[in-house]
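Visitor: I would like a walk through this model, one feature at a time. Could you show me the structure before we start?

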Amino acid sequence: MRSATRRFRIRAVLAAATLAVAALSGCGTTDNSPTTADGLTKVKLQLQWFKQGQFAGYLAAQAQGYYKEQGLDVQILDGGTDIVPQTVLAQGQADYAIAWVPKALASREAGAGITDVAQIFQRSGTKQVSFKSAGINGPADLKGKKVGNWGYGNEFELFAGMTKAGLDPARDVTLVQQQFDMNAFLAHDIDAAQAMSYNEYAQLLEVKNPATGKLYTADDFATIDWNDQGVAMLQDAIWANTDKLKDAKYADQTVKFIAASLKGWAFCRDNVDKCRDLTVAAGSTLGASHQQWQITEVNKLIWPSPSGIGMIDQAAWDRTVSIAKTTRNQEGKTVLTKDPDAAAYSVEYVTKALDQLKSQGVDVTGSSYAAQPVTLAEGGK
(Lines give C-alpha, C1' and ligand atoms only; values in the text may rest on other atoms or scores of the structure.)
Protein backbone atom coordinates (compact mmCIF):
# COMPACT_ATOMS: atom_id res chain seq x y z
CA MET A 1 0.00 0.00 0.00
CA ARG A 2 1.14 3.54 -0.61
CA SER A 3 1.91 6.02 2.14
CA ALA A 4 0.52 9.51 2.04
CA THR A 5 2.97 12.20 1.17
CA ARG A 6 5.29 10.19 -0.95
CA ARG A 7 2.86 10.00 -3.86
CA PHE A 8 2.79 13.61 -4.85
CA ARG A 9 5.00 14.37 -7.79
CA ILE A 10 7.26 17.35 -7.35
CA ARG A 11 6.46 18.64 -10.80
CA ALA A 12 2.75 18.43 -10.12
CA VAL A 13 3.30 20.23 -6.86
CA LEU A 14 5.07 23.13 -8.51
CA ALA A 15 2.66 23.40 -11.42
CA ALA A 16 -0.44 23.16 -9.29
CA ALA A 17 0.94 25.61 -6.75
CA THR A 18 1.54 28.14 -9.50
CA LEU A 19 -2.09 27.82 -10.54
CA ALA A 20 -3.04 28.37 -6.92
CA VAL A 21 -1.72 31.93 -6.91
CA ALA A 22 -4.59 33.24 -8.98
CA ALA A 23 -7.07 31.42 -6.80
CA LEU A 24 -5.77 32.95 -3.57
CA SER A 25 -7.29 36.36 -4.22
CA GLY A 26 -10.69 34.71 -4.35
CA CYS A 27 -10.36 32.84 -1.06
CA GLY A 28 -12.96 33.92 1.47
CA THR A 29 -12.50 34.47 5.19
CA THR A 30 -14.28 32.74 8.02
CA ASP A 31 -16.92 35.51 7.93
CA ASN A 32 -18.48 33.47 5.12
CA SER A 33 -17.81 30.03 6.57
CA PRO A 34 -20.95 27.88 6.72
CA THR A 35 -22.17 26.63 10.08
CA THR A 36 -24.19 23.63 11.13
CA ALA A 37 -27.70 23.81 12.52
CA ASP A 38 -26.30 23.73 16.05
CA GLY A 39 -23.87 26.56 15.37
CA LEU A 40 -20.65 24.65 14.71
CA THR A 41 -18.27 26.15 12.15
CA LYS A 42 -17.71 23.79 9.21
CA VAL A 43 -14.05 23.14 8.52
CA LYS A 44 -12.35 20.99 5.87
CA LEU A 45 -9.05 19.20 6.47
CA GLN A 46 -7.23 17.82 3.42
CA LEU A 47 -5.14 14.71 4.09
CA GLN A 48 -2.18 13.58 2.00
CA TRP A 49 -3.56 10.09 1.49
CA PHE A 50 -6.51 7.91 2.38
CA LYS A 51 -7.45 7.60 6.03
CA GLN A 52 -4.92 5.45 7.86
CA GLY A 53 -2.90 5.41 11.08
CA GLN A 54 -0.68 8.20 9.78
CA PHE A 55 -3.64 10.52 10.42
CA ALA A 56 -5.04 8.83 13.53
CA GLY A 57 -4.80 11.97 15.66
CA TYR A 58 -7.21 13.88 13.44
CA LEU A 59 -9.58 10.93 13.26
CA ALA A 60 -9.47 10.69 17.06
CA ALA A 61 -10.12 14.42 17.46
CA GLN A 62 -13.22 13.95 15.35
CA ALA A 63 -14.40 10.71 16.98
CA GLN A 64 -13.74 11.85 20.55
CA GLY A 65 -15.56 15.13 20.03
CA TYR A 66 -12.49 17.35 20.47
CA TYR A 67 -13.28 19.40 17.39
CA LYS A 68 -16.86 19.80 18.56
CA GLU A 69 -15.59 21.04 21.94
CA GLN A 70 -13.88 23.83 20.01
CA GLY A 71 -17.06 24.69 18.10
CA LEU A 72 -15.87 23.03 14.90
CA ASP A 73 -17.50 20.50 12.61
CA VAL A 74 -14.50 19.05 10.75
CA GLN A 75 -14.78 17.14 7.49
CA ILE A 76 -11.66 15.06 6.86
CA LEU A 77 -10.96 14.76 3.14
CA ASP A 78 -9.11 11.75 1.75
CA GLY A 79 -6.05 12.36 -0.37
CA GLY A 80 -5.00 10.43 -3.45
CA THR A 81 -2.44 10.12 -6.20
CA ASP A 82 -3.61 13.24 -8.01
CA ILE A 83 -4.34 15.36 -4.93
CA VAL A 84 -1.71 17.84 -3.73
CA PRO A 85 -2.98 18.87 -0.28
CA GLN A 86 -1.16 22.21 -0.09
CA THR A 87 -2.60 23.21 -3.45
CA VAL A 88 -6.12 22.27 -2.34
CA LEU A 89 -5.52 24.53 0.66
CA ALA A 90 -4.08 27.41 -1.37
CA GLN A 91 -6.99 27.29 -3.79
CA GLY A 92 -9.47 27.65 -0.94
CA GLN A 93 -10.97 24.16 -1.30
CA ALA A 94 -9.90 23.24 2.25
CA ASP A 95 -9.26 25.21 5.41
CA TYR A 96 -6.18 23.23 6.50
CA ALA A 97 -3.93 20.57 4.97
CA ILE A 98 -1.40 17.96 6.05
CA ALA A 99 1.80 18.00 3.98
CA TRP A 100 5.52 17.32 4.18
CA VAL A 101 7.57 20.45 4.74
CA PRO A 102 9.92 20.26 1.69
CA LYS A 103 7.09 19.74 -0.78
CA ALA A 104 4.91 22.41 0.80
CA LEU A 105 7.84 24.85 0.72
CA ALA A 106 8.32 24.07 -2.96
CA SER A 107 4.68 24.99 -3.50
CA ARG A 108 5.13 28.16 -1.47
CA GLU A 109 8.17 29.14 -3.52
CA ALA A 110 6.01 28.67 -6.62
CA GLY A 111 3.43 31.07 -5.21
CA ALA A 112 1.08 29.13 -2.93
CA GLY A 113 0.22 31.17 0.16
CA ILE A 114 0.51 28.52 2.88
CA THR A 115 2.04 28.58 6.37
CA ASP A 116 3.22 25.74 8.61
CA VAL A 117 1.27 26.39 11.84
CA ALA A 118 1.98 23.11 13.68
CA GLN A 119 4.85 20.69 13.04
CA ILE A 120 3.34 17.36 14.06
CA PHE A 121 6.15 14.96 13.10
CA GLN A 122 9.33 15.91 14.92
CA ARG A 123 11.38 13.20 13.22
CA SER A 124 11.60 11.64 9.76
CA GLY A 125 10.04 8.25 9.12
CA THR A 126 12.07 7.51 5.98
CA LYS A 127 14.49 4.59 5.91
CA GLN A 128 16.62 2.74 3.39
CA VAL A 129 16.15 -0.99 3.93
CA SER A 130 18.35 -3.89 2.83
CA PHE A 131 18.66 -7.57 3.58
CA LYS A 132 21.17 -7.99 6.36
CA SER A 133 23.14 -10.36 4.15
CA ALA A 134 23.89 -7.46 1.77
CA GLY A 135 26.20 -5.86 4.34
CA ILE A 136 24.74 -2.37 3.98
CA ASN A 137 25.10 -0.77 7.39
CA GLY A 138 25.43 2.87 6.40
CA PRO A 139 25.28 5.21 3.40
CA ALA A 140 28.90 4.52 2.39
CA ASP A 141 28.01 0.83 1.95
CA LEU A 142 25.59 1.75 -0.83
CA LYS A 143 28.54 2.14 -3.20
CA GLY A 144 28.18 -0.21 -6.14
CA LYS A 145 24.67 -1.24 -5.09
CA LYS A 146 21.29 -1.03 -6.79
CA VAL A 147 19.55 1.66 -4.78
CA GLY A 148 15.80 2.16 -5.07
CA ASN A 149 13.93 5.39 -4.47
CA TRP A 150 10.47 6.69 -5.32
CA GLY A 151 11.66 9.99 -6.75
CA TYR A 152 9.09 12.76 -7.18
CA GLY A 153 10.67 14.78 -4.39
CA ASN A 154 10.97 11.91 -1.90
CA GLU A 155 14.62 11.16 -2.64
CA PHE A 156 16.46 14.09 -1.09
CA GLU A 157 17.28 12.52 2.29
CA LEU A 158 18.79 9.56 0.43
CA PHE A 159 20.83 11.80 -1.85
CA ALA A 160 21.93 14.00 1.04
CA GLY A 161 22.99 10.92 3.00
CA MET A 162 25.02 9.49 0.14
CA THR A 163 26.65 12.85 -0.57
CA LYS A 164 27.56 13.30 3.10
CA ALA A 165 29.15 9.84 3.03
CA GLY A 166 31.36 10.90 0.11
CA LEU A 167 29.46 9.13 -2.64
CA ASP A 168 28.49 10.62 -5.97
CA PRO A 169 24.87 9.45 -6.42
CA ALA A 170 25.18 9.83 -10.19
CA ARG A 171 28.21 7.54 -10.49
CA ASP A 172 28.78 5.44 -7.36
CA VAL A 173 25.41 3.67 -7.23
CA THR A 174 22.91 2.28 -9.69
CA LEU A 175 19.70 4.20 -9.14
CA VAL A 176 16.49 2.24 -9.60
CA GLN A 177 13.06 3.83 -9.96
CA GLN A 178 11.21 2.07 -7.18
CA GLN A 179 7.52 1.32 -7.43
CA PHE A 180 5.27 2.10 -4.48
CA ASP A 181 5.61 -1.38 -3.03
CA MET A 182 8.39 -3.66 -1.82
CA ASN A 183 8.05 -6.35 -4.50
CA ALA A 184 11.27 -5.54 -6.37
CA PHE A 185 13.18 -5.52 -3.11
CA LEU A 186 11.78 -8.87 -2.00
CA ALA A 187 12.71 -10.25 -5.42
CA HIS A 188 16.28 -8.99 -4.84
CA ASP A 189 16.10 -6.71 -7.87
CA ILE A 190 16.99 -3.82 -5.54
CA ASP A 191 19.72 -4.01 -2.91
CA ALA A 192 18.44 -1.14 -0.76
CA ALA A 193 14.84 0.09 -0.93
CA GLN A 194 13.14 3.21 0.33
CA ALA A 195 10.53 2.61 3.03
CA MET A 196 8.57 4.49 5.65
CA SER A 197 8.95 3.15 9.18
CA TYR A 198 5.18 3.13 9.60
CA ASN A 199 4.19 1.54 6.30
CA GLU A 200 6.50 -0.19 3.80
CA TYR A 201 8.86 -1.48 6.48
CA ALA A 202 5.89 -3.13 8.20
CA GLN A 203 4.86 -4.66 4.89
CA LEU A 204 8.14 -6.57 4.86
CA LEU A 205 7.41 -7.97 8.31
CA GLU A 206 3.98 -9.10 7.11
CA VAL A 207 5.43 -11.37 4.41
CA LYS A 208 6.57 -14.97 4.83
CA ASN A 209 10.24 -15.69 4.35
CA PRO A 210 10.30 -18.44 1.69
CA ALA A 211 13.38 -19.93 3.34
CA THR A 212 11.63 -20.50 6.68
CA GLY A 213 7.91 -20.40 5.95
CA LYS A 214 7.54 -17.88 8.76
CA LEU A 215 7.14 -14.11 8.67
CA TYR A 216 10.26 -12.06 8.18
CA THR A 217 11.61 -10.41 11.32
CA ALA A 218 13.65 -7.28 11.92
CA ASP A 219 16.72 -9.53 12.23
CA ASP A 220 16.46 -10.28 8.52
CA PHE A 221 16.99 -6.64 7.56
CA ALA A 222 19.35 -3.70 8.05
CA THR A 223 18.06 -0.14 7.96
CA ILE A 224 19.61 3.27 7.44
CA ASP A 225 17.73 5.85 9.49
CA TRP A 226 18.24 9.36 8.12
CA ASN A 227 17.68 10.81 11.59
CA ASP A 228 20.84 9.01 12.71
CA GLN A 229 22.73 10.26 9.65
CA GLY A 230 21.94 13.92 10.30
CA VAL A 231 20.04 14.46 7.03
CA ALA A 232 16.45 14.03 8.18
CA MET A 233 13.86 16.43 6.76
CA LEU A 234 10.64 17.52 8.44
CA GLN A 235 7.54 15.72 7.29
CA ASP A 236 3.85 15.90 8.34
CA ALA A 237 2.73 19.37 9.43
CA ILE A 238 -0.56 21.28 9.63
CA TRP A 239 -0.63 24.05 7.02
CA ALA A 240 -2.97 27.05 7.01
CA ASN A 241 -3.77 29.72 4.43
CA THR A 242 -1.30 32.58 4.86
CA ASP A 243 -3.60 35.38 3.69
CA LYS A 244 -6.54 34.16 5.75
CA LEU A 245 -4.41 34.16 8.90
CA LYS A 246 -4.66 37.95 8.73
CA ASP A 247 -8.36 37.57 9.49
CA ALA A 248 -8.99 37.43 13.25
CA LYS A 249 -11.74 34.83 13.00
CA TYR A 250 -9.67 32.45 10.88
CA ALA A 251 -6.68 32.97 13.19
CA ASP A 252 -8.83 32.11 16.22
CA GLN A 253 -10.28 29.12 14.36
CA THR A 254 -6.73 27.97 13.59
CA VAL A 255 -5.85 27.93 17.29
CA LYS A 256 -8.97 25.91 18.02
CA PHE A 257 -8.31 23.48 15.19
CA ILE A 258 -4.70 22.93 16.29
CA ALA A 259 -5.68 22.48 19.94
CA ALA A 260 -8.26 19.81 19.11
CA SER A 261 -5.88 18.05 16.70
CA LEU A 262 -3.06 17.96 19.23
CA LYS A 263 -5.45 16.61 21.85
CA GLY A 264 -6.34 13.88 19.35
CA TRP A 265 -2.68 12.96 18.97
CA ALA A 266 -2.25 12.87 22.75
CA PHE A 267 -5.23 10.50 22.88
CA CYS A 268 -3.64 8.21 20.29
CA ARG A 269 -0.39 8.24 22.23
CA ASP A 270 -2.20 6.90 25.28
CA ASN A 271 -4.86 4.79 23.55
CA VAL A 272 -3.28 3.01 20.59
CA ASP A 273 -5.83 0.18 20.52
CA LYS A 274 -8.79 2.57 20.45
CA CYS A 275 -7.17 4.64 17.71
CA ARG A 276 -6.50 1.48 15.74
CA ASP A 277 -10.18 0.60 15.91
CA LEU A 278 -11.45 4.04 14.99
CA THR A 279 -8.99 4.21 12.08
CA VAL A 280 -10.24 0.89 10.76
CA ALA A 281 -13.82 2.08 11.27
CA ALA A 282 -13.02 5.24 9.30
CA GLY A 283 -12.61 3.08 6.22
CA SER A 284 -8.92 2.26 5.98
CA THR A 285 -8.13 -0.56 3.58
CA LEU A 286 -5.19 -1.65 5.71
CA GLY A 287 -5.66 -4.35 8.36
CA ALA A 288 -5.90 -3.94 12.12
CA SER A 289 -2.37 -5.11 12.98
CA HIS A 290 -0.88 -2.90 10.26
CA GLN A 291 -2.84 0.06 11.61
CA GLN A 292 -1.65 -0.64 15.14
CA TRP A 293 1.94 -0.75 13.88
CA GLN A 294 1.42 2.43 11.90
CA ILE A 295 -0.01 4.39 14.83
CA THR A 296 2.75 3.14 17.11
CA GLU A 297 5.49 4.10 14.67
CA VAL A 298 3.90 7.51 14.01
CA ASN A 299 3.80 8.09 17.76
CA LYS A 300 7.57 7.54 17.77
CA LEU A 301 7.93 10.34 15.23
CA ILE A 302 5.91 12.70 17.45
CA TRP A 303 6.77 11.78 21.03
CA PRO A 304 8.51 12.94 23.04
CA SER A 305 8.05 16.58 21.99
CA PRO A 306 10.15 18.45 24.57
CA SER A 307 8.86 21.90 23.57
CA GLY A 308 5.30 20.66 23.10
CA ILE A 309 3.70 18.77 20.22
CA GLY A 310 3.43 20.92 17.12
CA MET A 311 6.24 23.32 18.00
CA ILE A 312 8.80 23.84 15.25
CA ASP A 313 12.37 22.96 16.16
CA GLN A 314 14.50 25.66 14.55
CA ALA A 315 17.47 23.36 13.99
CA ALA A 316 15.28 20.78 12.23
CA TRP A 317 13.67 23.50 10.11
CA ASP A 318 17.03 24.98 9.14
CA ARG A 319 18.41 21.54 8.26
CA THR A 320 15.36 20.80 6.10
CA VAL A 321 15.72 24.09 4.24
CA SER A 322 19.47 23.61 3.78
CA ILE A 323 19.05 20.13 2.32
CA ALA A 324 16.19 21.35 0.12
CA LYS A 325 18.41 24.12 -1.27
CA THR A 326 21.69 22.27 -1.72
CA THR A 327 21.00 18.58 -2.38
CA ARG A 328 20.49 17.67 -6.03
CA ASN A 329 18.65 14.63 -7.29
CA GLN A 330 19.67 12.53 -10.29
CA GLU A 331 18.28 15.22 -12.57
CA GLY A 332 20.41 17.87 -10.91
CA LYS A 333 17.39 19.60 -9.36
CA THR A 334 16.90 20.89 -5.83
CA VAL A 335 13.63 21.26 -3.95
CA LEU A 336 14.16 24.98 -3.29
CA THR A 337 16.17 27.67 -5.05
CA LYS A 338 16.18 30.14 -2.13
CA ASP A 339 15.35 30.48 1.55
CA PRO A 340 11.63 30.57 2.32
CA ASP A 341 10.31 33.88 3.60
CA ALA A 342 9.45 34.56 7.25
CA ALA A 343 5.76 33.71 6.79
CA ALA A 344 6.55 30.12 5.78
CA TYR A 345 5.99 29.03 9.37
CA SER A 346 4.60 30.47 12.59
CA VAL A 347 4.58 29.23 16.19
CA GLU A 348 2.02 31.84 17.24
CA TYR A 349 -1.04 29.63 16.87
CA VAL A 350 0.42 26.39 18.19
CA THR A 351 1.78 28.24 21.24
CA LYS A 352 -1.73 29.45 22.07
CA ALA A 353 -3.14 25.98 21.47
CA LEU A 354 -0.55 24.41 23.77
CA ASP A 355 -1.27 26.94 26.51
CA GLN A 356 -4.94 26.02 26.27
CA LEU A 357 -4.24 22.29 26.47
CA LYS A 358 -1.83 22.66 29.37
CA SER A 359 -4.51 24.57 31.30
CA GLN A 360 -6.74 21.50 30.78
CA GLY A 361 -4.07 19.17 32.15
CA VAL A 362 -3.23 17.56 28.80
CA ASP A 363 0.29 16.13 28.57
CA VAL A 364 1.67 17.96 25.53
CA THR A 365 5.28 16.75 25.74
CA GLY A 366 4.94 12.99 26.24
CA SER A 367 8.26 12.97 28.10
CA SER A 368 7.57 9.53 29.56
CA TYR A 369 6.30 8.01 26.31
CA ALA A 370 7.37 4.43 25.68
CA ALA A 371 6.11 2.50 22.66
CA GLN A 372 4.45 -0.85 23.22
CA PRO A 373 5.45 -3.78 21.00
CA VAL A 374 3.17 -4.67 18.10
CA THR A 375 2.66 -8.17 16.71
CA LEU A 376 2.04 -8.03 12.97
CA ALA A 377 -0.12 -10.60 11.21
CA GLU A 378 0.49 -11.91 7.70
CA GLY A 379 -0.75 -9.30 5.25
CA GLY A 380 -1.23 -6.83 8.11
CA LYS A 381 -4.61 -8.27 9.03
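Visitor: In which loop is His188 found?

Guide: Happy to start there, with the reminder that this is a predicted model. His188 has a positive phi of about 65° although it is not a glycine. Most residues other than glycine have a negative phi. As for its place in the chain, His188 is found in the loop between α7 (183–186) and β8.

Visitor: Is His188 buried, partly exposed or exposed?

Guide: The limits to keep in mind are under 20% relative accessible area for buried and over 50% for exposed. His188 has 48% relative accessibility, so it counts as partly exposed.

Visitor: Which charged end sits over the ring of Trp303?

Guide: That charged end is 4.4 Å from the centre of the Trp303 ring. The residue it belongs to is also linked with Asp270 and Asp363 in a network of salt bridges. The residue is Arg269.

Visitor: What kind of aromatic pair do Phe121 and Tyr198 form?

Guide: A search of the whole structure finds 16 aromatic pairs. In the pair of Phe121 and Tyr198, the centres are 6.3 Å apart and the planes make an angle of 75°. Planes over 60 degrees apart count as edge-to-face, so the pair of Phe121 and Tyr198 is edge-to-face.

Visitor: How many residues apart in sequence are the parts that this pair ties together?

Guide: Phe121 and Tyr198 are both buried. Phe121 lies in the loop between β4 (114–118) and β5 (126–131), and Tyr198 in the loop between β8 (192–196) and α8 (200–205). The pair therefore ties together parts of the chain whose separation is 77 residues.

Visitor: Which residues do ring pairs link into a cluster?

Guide: Look for rings of Phe, Tyr and Trp joined by ring pairs. The cluster consists of Phe131, Phe185, Tyr201, Tyr216, Phe221 and Trp293.

Visitor: Which elements give two or more residues to the lining of the largest cavity?

Guide: The whole structure has 3 cavities of 30 Å³ or more, and about 90 Å³ of space lies in the largest. Its lining includes Trp100, Lys103, Phe156 and Glu157, and by class it has 6 nonpolar, 3 polar and 2 charged residues. The elements that give two or more residues are α5 (101–109) and α6 (156–164).

Visitor: How far from the centre of the Trp100 ring is the charged end of Lys103?

Guide: Trp100 and Lys103 are both among the residues lining the largest cavity. The charged end of Lys103 sits over the ring of Trp100, and its distance from the centre is 5.4 Å.

Visitor: How many residues apart are Arg108 and Asp341?

Guide: The count comes to 17 salt bridges, and Arg108 forms one with Asp341, the closest N and O atoms being 2.7 Å apart. Arg108 is in helix α5 and Asp341 in the loop between α12 and α13 (348–359). Arg108 is buried, with a relative accessible area of 14%, whereas Asp341 is partly exposed at 42%.

How values were computed. Residues numbered from 1 in each chain as written. Predicted model: local features only at pLDDT ≥ 70, side-chain atom pairs only at ≥ 80, totals over all residues. Heavy atoms only, no water. Phe/Tyr/Trp six-rings, centres within 6.5 Å; stacked < 30°, edge-to-face > 60°. Helix = DSSP H or I, 4+ residues; strand = E, 2+ residues; numbered from the N terminus. Buried < 20%, exposed > 50% of the residue type's maximum accessible area, 1.4 Å probe, protein only. Lys NZ or Arg CZ within 6 Å of the ring centre and 35° of its normal. 1 Å grid on protein atoms, 1.4 Å probe; cavity = no way out; pocket = protein on both sides within 12 Å on 5 of 7 lines; lining within 4 Å. Points joined across faces, edges and corners; volume = space filled by probe spheres on them. Nonpolar A, V, L, I, M, F, W, Y, C, P; charged D, E, K, R; others polar. Salt bridge = Lys/Arg side-chain N within 4 Å of Asp/Glu carboxyl O.
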